[in-house]
Every structure is written in structure tokens, then in C-alpha cells.
Amino acid sequence: MKEEILSAKNIEVLTAAKKFILKGIDLQIFSGEVLSLAGESGSGKSTLALALTGLLPASLKLGGEIIWQKRRFDLAALRKDTLSSRMLHGQISYIFQEPSSFLNPTLNIAAQLTEVFIYNQKKTYPQALDLSRGLLELVGIKEAEKKLYSFPHQLSGGEAQRVMIAMALAQRPKLLIADEPTSNLDVTIEMEILSLIKNMQQRFGFAVLFITHDLSLVRYFSQRVVFLKAGRIVEESDTAHLKDISNPYIQSLLEAAEALQDYE
Amino acid sequence: MFRNPIFLSGFFIIFFIAFVCVFAPFITSYNPNAIDLKEALLSPSSRHLLGTDTLGRDLLARLLYGGRVSLAVGFVAVGISVLIGVALGSIAGFYGGVIDEVISRFIDIMLCFPSFFLILSLVALARHPSLYIIMAIIGFTSWMSPARLIRAEILSLRQRNFVIAALSCGLSQRRVIMRHIIPNAWGPVMVNATLSMAVAVLIESSLSFLGLGVQPPQASWGNILLEAKECLGVGWWMSVFPGLAIFFTVLGLNLIGEGIRESLHK
Amino acid sequence: MFNPKVSLEVKAKLTKIYGLDKPLIQQYLDWLRRIVRFDFGVSLLDGRRVIDKIKERIPLTLFINLTSLFIIFLIALPLGIIGALKKGSGLDRAITVFVFVGFSFPSFWLALLLMQALAVHWQIVPVSGLVSVDFPYYSWAGKVWDLARHLVLPIFVSTFGALAGISRYVREEMHTALSSKFIILARAKGLPQRLILLRHALRNALLPVITILGLSVPGLLGGSVIFETIFSLPGMGRLFYEGVMARDYPLIMGLLVIGAVLTLLGNLLADIGYALADPRIRYEAGEK
């Protein structure tokens, strides 16, 4: 019997002009599982990813609550409460779509990696440096020592994504939110990164919220899937029983995914 | 644009100042150049609303008529700089190639010098600078930034589809510039022009303050402050009021420019 | 250029001395050759070499302007950071108003008002000049204090004008930096707010500010003319003013060239500073 680690209730996001981006979102994530969040571009997937921990910019209105590890967090209040926010982020990690945009261009990799150890886990700098080196090797970066002191713009797309994964692992998360982690990468690298995430997940046992628009990946990666369309959840299912879904929209998505697979 | 509070506040300030300066004869009956030594250095009273200067001339009158000069210089100078700048910038941006290189180098060379130094040098060259020469000098040393602005706008607009479409329809290049490109590039140039006018007013009053601009007995806000410097400690009204006039004019123009910029970004 | 009453003989002599009888091209080339060696000829006013006159005035002007830049940097940074953090709040609005007022305040009016209030009325600081009459008799500490008293007002005036513009720039850059994607990740890592501000955002925001500081050199030089004249300080700006008043063309030319050199130096330093600070330029992509 799996326990629920994250339960989101009635999440709503509006623009300043009162237009809905997300409405009435309810979501449950269970410990150790991989849940996919699928939908086409513009359905609000990335917004939901950020909304779950209150990471949205102040220009958007946020409503709803989450229950994390049996504690209730009101999302609107979370944005202003830095203490709770930091605690939450200490246990929930993120990886994003374009790794190079999300890494600070003026700090080297060592700085960006060690700060997680230093500020979240109170390690000293030498300890943090060792741990960082080990992590880089774990995620498959060759010449870890050299890459440690390089800057984000010197890394390839795949390397940058591995660094982001390393930073996410450094937090020892109970949940990893992966927002389209491979959409910007070459197909060959895509599979490497995905299998890396899968390995790490099996090894460390954290849950993953995997956000994607690519249904073929959903089947490979996750046990459950939730479909998002125009800001609302339209369907929820096990990945094993995808074909049984009667929703015509989902069916057309599945057909498109399969057609592409045959083509490839 | 006309709903933007910043723009509106600037606009009203400038409107008010321009209005009182233009209608000066209706507001004050004093002649700004009428010397009356019996009335010298009087503090503000009901007879002389802002007091008098060392030669007994009414300060309010001198401020209003001097305002005409300062505003005119600012306006004409900016007009000249925008005309030259838009012309050169458009040619550079549109024709590209060698012409662009030459004009851009020319701009770079002009920008090597501190502008105030350049202006002062030209004033020195002119021996007895008249009002029109000062307008020209300021205009001829500030055309570089509208030129760069419009060149940048044109370079980016050139790639846009509607321009390519217009050109392929066979419209003459000049027509494309006038009817398609300039209306789109106008915004930033307008912002730049209002801010330049603020700078032009400051430059004119600085020059007059140094004795190198508008010469007495013709009043200008700057040269009234020069006279104020001579009687520092007596006659505080001579330092305060012309300065306030300059300050509010420049502030108003800055607000207008900022208001336009904000409404462009929406 | 010549006083019309001068006799023809003297006119001929002077023409020969200044080489005005040579063909125009030759004159230009001679001039170029001398300019490159910073030989600007002699001042029409007192016959001394122009370059000497300029050299003795540069230190003071540089000192005042660099001190101003330094103080501006110290004040504009916190102002800009606060403005970006608390965007839209009462404090931010107050700072914005202050910035606009600063932009619009004519520097010579400020100087005049301050002179009137602080020097004449309340007599806290001296009215003008660089040193007091008794300066040579002061102790070492006394000399420093005297200099400081005389320079307070000029430095304040010089700083005030540029401060507004630069604070505003810092605020905009900080705001841009704080809206960047890497800040989202920094927050997602659970880092303390102060660290995010100072380490992540500020580093990126400062890059363009370095350029701006270098580019403000010509503006500061122009401003020097005004406040050095008002406060009777023996600097480059005041020298320019004297040269213009006396129509001393060699001096004016020389100062114009030196002004251009300083401007270009400022640009160069700004470029170098930026290249050193931005890792994307310091290390070519793909190379170590």
C-alpha cells in the first residue's frame, strides 16, 4: 500500500487580467511512483509544475493548497513565507526544459552545486566539493574535476542537463518534478538522460512528476498518467490501460504518438 | 498614451510653462529690460511678484520673456538634431554597405568627444554667438543618438515581412521608408527627442550661466542665475525662481518622455 | 583671428611663425604629426606649452570625478537593489521620484543653492577655491582637512546628477535579472533569499552597470566645466572655460583631444571590465 506524499487540492492560476491558466486541479502523488503529466503545448503543464511549490512570478494569481508529508500549505501564502518555502524546496527538486537557461551564467558549476550542500545541509565547502565531484561522476559526466570548474555556457546540452539532475539529487529529494527534461535535446541524448533519471529513481526511491507532451515517453517511464487540457485535468489512468480510455481527445493523441513511432 | 499619468503630469507642466511664456505680455505689464535703479533688488512683493534684480528689472517679466528664449532654443535645437539624425540614420540603415560604414564611423568619431566640450569649442569659434547660432550648435552636436536609434530600428524592421512584401510589390525605396518604416520607428525617436529637449534646455542655461550663451540684456533663465551668482547672499529670489523654472521645465519634459516610453512598452 | 589693428608687418611675422602660409594639406599633416605626440603648441594667453597647462590640471579633475563615481557606485547599488526588490511599493516609488528629481535638477543651480545656504548663510564650508589662504602653514592633517572642506560641495554636486541615472539603471537591471529563469531554479533549490539576491541576481545585473560607469566619463567631464568654474577649482574643466573665454584656440584644441582620449579610455576600461567579469566572454565556449 503506497502512501500519498503530495496531495494538491483545487489549484488555480490566473493572469493579472483574470484569465484562467489552471482551474480546479486536484492531484495525488504516491511515494516512489512515477506520475506523468501529459498535455499539448499551452495546456498549462509548466505552470502547474511551478505552482505546486509556489514558484510562480508575482504577476500571476495563485490559489489552492497542497498537503505535503501530512502538512497543509496554502499556496498563495507560501509565496510570501520564505521559511516554509525553503523547507519545502529542500525536499522537492526540479529539473527544467532548457538546462542552459536555468543555470546561472556567471557562476561556475562548483559554485552552483556546492551551494545546495552548504545552505541546505550545512556542510563545509571542502565536504560539499567532494560530494559534488562524486555526484557529477554519478550522473555520468566525464572529466568531472575539469567540468566542476567550468561555466554553464561551456557545457553541451546533455552535460548541462546532467548537471541539473546532479543539483536535483543533491537535495536528496522525496519528489522530483521534471518539466520536459528532454524536449530540447537530441534524440540520442534524450534516451540517455531518461534512462539516467530512471536509474536514479530506482536507486534512491524518490517519486517523479514527469511532465511531457510526448506520449511514447509516458509509457516507457511511468506507471500512472494524468492528462491536462486547457488548464483542466481531463483524464487519469494507469499507463498499462491507456488504450481503454474512451476520451476522443486522448485517443487522437495516442494515435499521433504511434504514427510518429512507426515513422521513426 | 494620453491616459498615462506620468505623461499627463509632464504634459500639464510643460503646457503651463509654455502658455505663460507665450502670453507673457498679458500676464505682466512690466518690460523685462526696463531698468529702474530706484527699484533695485527688492524682495517679492505685491508690486513685483517675484522681486527685482540688481538693475531694478522685474524678475517675473524677465523669467517669462527669458522663458521664451530658453524654450525656443530647446525646441529648435532638438528639431535640428532630429532632422539631421533621422535623415542620416535612415540612409545608413536603409542603404547599408559603404554608406552605412561611413556614416557609422562619422557617428563614432563625433561620440569620442565629451559633448559639452564640443559645444564650448564651437561657441569659442563663433566669436559672438547669436541665438540662432547657439540653436544650431546644440542641434549639430546632438544628432548622433536619434541617428543611431533610427538606424537600429530600420535595420531590424528591414527583416520584417511587411517591408519585404512592400518592396517586392515594386514600391520605391523612398516610399517604403516614408510610409512603412518611419511610422514604426517613430516611437523611440519621440522618447529620445523629448529627453533631448530637456538636455538642450539644460545646455542652453548652462551656457548662459557661464556667460557663453544668451547675452544680456536679453534675458534667459541661465543668465539670470549668472547675475544671481554675483549677488550671492542678498537676493535669494534671483537664485531660486529661475532655477525652479529650469527644474520644472526639464522635469516636465522628462516625465513626458518617460510617459511615452511606458505607453510604448504596454 | 587677428586683431584688425595689428600692423601688416607683425601680421606677416605671426603668419610665418604659425605656418599659416604653407598649403592647407601641409598644415593639416604637420598638425596631425604634432597631435600624436601631444604637442598642442603654446597657449595664446600666456605662451606656456598647452600640454603643460593641461597636465597640471588633470589630477584634480580626475580625483573629483573618480571619487564621484566611487560614491555613486556605493549609493546606487543599494538603491537599485531595494528598488527592484520592492517594486511598486511606497519605498520604490519614493526612490523613483528621487531619481526623476535628480535627473532634472540643473547642476549649476544646485551648486548655487548649496553655496548660498552652506557657504554664505551658515558658513559651514568655504565658498570657493581649492585651499584656504593659510594652507601652507597647516599641519599635514590640517592640509587634508582643508582640502576636504573645499571639495565637499563640488563632489556632492558632481555625484548628485549622475546618481539618479545610474540608480535607475541598476534597478532595471536587477529587475531583469530577478525575472530570469535561473532565479527560479535558485529558489527551487531552497536557497536563502539574501544569497539569491546578492550572489545570483546581482552578479548578472552588475555586468551592464560596469559598461555604464565607463560610458559616463564624457558626461562627468562636461559637468566638471560647470562646477569647477563655479567653485573656482584649478581643474581641467575650468581651464576649458578660461580657454573659451579668451578664445585660446591651441588650448581649446588640446583640451578637446585630451577629452576625447579620456572618453575613449573610459570606453576601453568599460569593455575590458565587462570582458573580465562575464565568464561567457572570458572563456570561449567549448574551451577551458
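Trainee: How many residues of chain C are in contact with chain B, and how many of chain B with chain C?

Mentor: This is a predicted model, so keep that in mind throughout. In it, 29 residues of chain C are in contact with 29 residues of chain B.

Trainee: Which elements give two or more residues to the side of chain C that touches chain B?

Mentor: Look along chain C for helix 4 (90-104), helix 5 (107-121), helix 9 (217-230), helix 10 (236-245) and helix 11 (249-277). Then sort that side by class. It has 22 nonpolar, six polar and one charged residues.

Trainee: Now the other partner. How many residues does the contact take from chain C and from chain A?

Mentor: Chain C gives 22 residues and chain A gives 25 residues. On the side of chain C that touches chain A, at least two residues each come from helix 7 (181-188), helix 8 (193-215) and helix 12 (279-282) of chain C. Helix 7 of chain C has the largest share, six residues. By class, this side of chain C has ten nonpolar, six polar and six charged residues.

Trainee: What describes two packed helices?

Mentor: Two things: the angle between their axes and the distance between the axes. Take helix 4 of chain C and helix 6 (residues 140-178) of chain C. They pack at about 135 degrees, and their axes are 8 Å apart.

Trainee: Why is helix 4 of chain C called oblique to helix 6 of chain C?

Mentor: The angle decides. Only angles over 145 degrees count as roughly antiparallel, and 65 to 115 as roughly perpendicular. Helix 4 of chain C is therefore oblique to helix 6 of chain C. The crossing of these two helices is left-handed.

Trainee: Which residues make the contact?

Mentor: From helix 4 of chain C, find C:V99, C:G102 and C:F103. Helix 6 of chain C brings residues including C:F160, C:G161, C:L163 and C:R168. The residues of this contact divide into five nonpolar, four polar and one charged.

Trainee: Let us turn to the sheet in chain A. In what order do its strands lie?

Mentor: Six strands form an open sheet, in the order 6-7-8-3-9-10, with mixed pairing. Strand 6 (92-95) and strand 10 (232-238) of chain A are the edges, each pairing on one side only. Neighbouring strands are turned by 20 degrees against each other on average, direction ignored.

Trainee: How do strand 3 and strand 8 of chain A run?

Mentor: Parallel. Five bridges join strand 3 (residues 34-38) to strand 8 (residues 207-212) of chain A. A:S36 stands opposite A:F210 of strand 8.

Trainee: What does helix 8 of chain A touch on the sheet?

Mentor: Helix 8 (residues 157-170) of chain A touches strand 6 and strand 7 (175-179) of chain A. The direction of helix 8 makes about 175 degrees with that of strand 6 of chain A.

Conventions
Residues are numbered from 1 along each chain as its sequence is written. Chains are lettered from A and ligands numbered from 1 in the order in which they are written. This is a predicted model: local features need pLDDT of at least 70, side-chain atom pairs count only at pLDDT 80 or more; totals for chains, interfaces and linings use all residues. Two strands pair if DSSP finds at least two bridges between them. Helices (H or I, at least four residues) and strands (E, at least two) are DSSP runs, numbered from the N terminus. Axes are lines fitted to C-alpha atoms, for helices over the stretch in contact, and angles run from 0 to 180 degrees between N-to-C directions. Two residues are in contact if their C-beta atoms, placed from the backbone, lie within 7 Å. Ala, Val, Leu, Ile, Met, Phe, Trp, Tyr, Cys and Pro count as nonpolar, Asp, Glu, Lys and Arg as charged, and the others, Gly among them, as polar. Angles under 35 degrees count as roughly parallel, over 145 as roughly antiparallel, 65 to 115 as roughly perpendicular and the rest as oblique. A crossing is left-handed if the near helix is turned anticlockwise from the far one by less than a right angle, and right-handed if clockwise.
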